[in-house]
Amino acid sequence: MRRGILLLVGLLLSGAVSAAWVQGTGQAVIVNGDMNAAREEARNAALRDAALQYEAQVSSQDTMENGVLTDSRLTVASRAQARQVRVIEEQRRGNLLRLTVEADMSRGQQCAARDAARLRKRVAITGFPMLNPGDARMGRISDAGEVLPQQLLGRLQGDGAVQVFGATQVQLFPDIGNAPTQQRFDNSLTNVIQLAKELDVQFVVTGVIRDMSLADPTAWGTSILDRMSRGLGMKNQERQFVADLMVYDGFSGSPVYQKRFVTSGTWNEDMTASVGFGSPAFNDTDYGKAVGKVMGDMEQAVNQALACQPFITRISRVDGQQVYLRSGATAGLRPGDKLQLYRSYQFFDSPGTTPELRDAEVTMTVNHVHPDFSSGLMPEQGGIKNLQRDDIAIIW
């Protein structure tokens with residue numbers, strides 16, 4: 001049993017990580033002059049090459065029938081991940097694109113969240129405010145700050161790995177320009193703790209849309225020459241998309257994950273078009289497809305960031321040896337599950353500090369499970385351990 005005092009900071013539980021810069025090469029065929037698609041395909045191929053060079057896992061499977069080999073399969077795979085990628089060289093020969101990259105590779109995460117891995121953590125998704133609202137005028141996509149997290153919420157709900165709750169009209173950063181640096185001295189966000197408690201969630205996902213600008217705003221001139229130039233592809237119609245994604249631990253307000261996602265694509269809608277972010281017309285544009293891919297990357301990043309976290313839920317009531325929890329069957333809890341209990345407290349002279357957890361040195365066993373709550377027994381009276389409402393139960 002763990003002893004002592006635990007400061008809840010929501011750290012990822014992972015094994016030791018080693019890294020190295022590795023070069024990889026990939027090729028792709030340019031179809032219908034689509035350089036962006038070819039470049040992406042070649043980049044992915046180059047990353048696969050670098051990953052296999054860094055850490056390859058080879059497995060073989062032979063099938064025997066009556067002493068005769070009927071099937072033999074060899075599989076080569078890698079769990080390596082690229083933390084940083086630099087393009088070293090890009091060559092085009094006819095319709096073939098060859099890309100060489102240098103990647104900072106690390107071994108795939110070794111998840112130490114044993115029993116917690118099967119449980120569905122509760123996650124709230126807030127709005128993604130825009131740093132420069134003027135970027136959204138073209139195409140009238142100023143609704144991106146609410147639509148993007150709504151669509152991210154839908155994707156995560158479809159995955160089913162976490163329980164997702166929407167708070168897309170909530171903005172956590174009063175100073176968007178400095179987000180997410182406007183934090184307390186202990187690197188936590190107090191409004192995250194408040195929101196997490198109100199929605200009864202373990203994590204809060206938020207972000208900031210930093211750039212949706214046009215590379216060349218003058219490309220959308222209204223003259224006949226401008227229209228002809230756009231039609232012939234002589235104008236730069238690239239549009240940027242830069243967004244920060246952050247995941248915070250709701251009990252402490254501390255960051256669990258943070259990453260900046262960057263992409264661009266051709267914006268080929270008329271300057272007077274009212275498209276709207278995430279609409280079918282938006283998704284049909286080259287720019288919309290690029291943003292859609294980034295949202296898929298965000299979805300995967302959230303799932304991966306939370307997969308190795310412990311499962312934490314609040315205690316709603318203690319009655320003698322009976323303990324009631326604010327999570328139930330929808331979270332994956334079932335009779336027989338054992339949770340360690342922790343006292344949550346703050347110092348009286350520092351009421352605004354991050355709550356600390358003291359191991360109560362007692363474990364409860366779940367015996368009744370309902371959709372949204374559950375209960376179980378601990379071997380001692382709750383009063384002996386001073387366990388009460390809003391204390392914490394954890395499965396590691």
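This is a predicted model: local features need pLDDT of at least 70, side-chain atom pairs count only at pLDDT 80 or more; totals for chains, interfaces and linings use all residues.
Reader: How many bridges join β10 to β11, and in which sense do the strands run, parallel or antiparallel?

Author: Strand β10 covers residues 238-249. L245 stands opposite K259 in β11. The strands run antiparallel, and the bridges that join them number 11.

Reader: Which residue takes a positive phi in the hairpin of β10 and β11?

Author: The hairpin has 5 residues between the strands. The phi in question is near 80°. The residue is G253.

Reader: Which strands stand at the edges of the sheet?

Author: The sheet is open and has 5 strands, in the order β8-β7-β9-β10-β11. Its pairing is mixed. Each edge strand has a single partner, so one side is left without a neighbour in the sheet. The edge strands are β8 and β11.

Reader: What is the average twist from one strand to the next?

Author: The twist is taken from each strand to the next. On average it is 20°.

Reader: Which strands does α6 touch, and what angle does its direction make with that of β11?

Author: Helix α6 packs on the sheet. It touches β7, β9, β10 and β11. Its direction makes an angle with that of β11 of about 165°.

Reader: What is the hand of the crossover from β7 through α2 to β8?

Author: Strands β7 (residues 122-126) and β8 (residues 163-167) pair in the parallel sense over 5 bridges. T126 stands opposite A167 in β8. The chain crosses from β7 to β8 through α2, as a β-α-β crossover. Its hand is right-handed.

Reader: How many residues of the contact of α2 with α6 are nonpolar, polar and charged?

Author: From α2 come residues including L148, L152 and R155. They meet residues of α6, among them M295, E299 and V302. The contact divides into 6 nonpolar, 4 polar and 3 charged.

How values were computed
Residues are numbered from 1 along each chain as its sequence is written. Side-chain values use heavy atoms; hydrogens and water are left out. Contact means heavy atoms within 4.5 Å. Helices (H or I, at least four residues) and strands (E, at least two) are DSSP runs, numbered from the N terminus. Ala, Val, Leu, Ile, Met, Phe, Trp, Tyr, Cys and Pro count as nonpolar, Asp, Glu, Lys and Arg as charged, and the others, Gly among them, as polar. Two strands pair if DSSP finds at least two bridges between them. A crossover is right-handed if, with the strands pointing away from the viewer, the path from the first strand over the helix to the second runs clockwise. Axes are lines fitted to C-alpha atoms, for helices over the stretch in contact, and angles run from 0 to 180 degrees between N-to-C directions.
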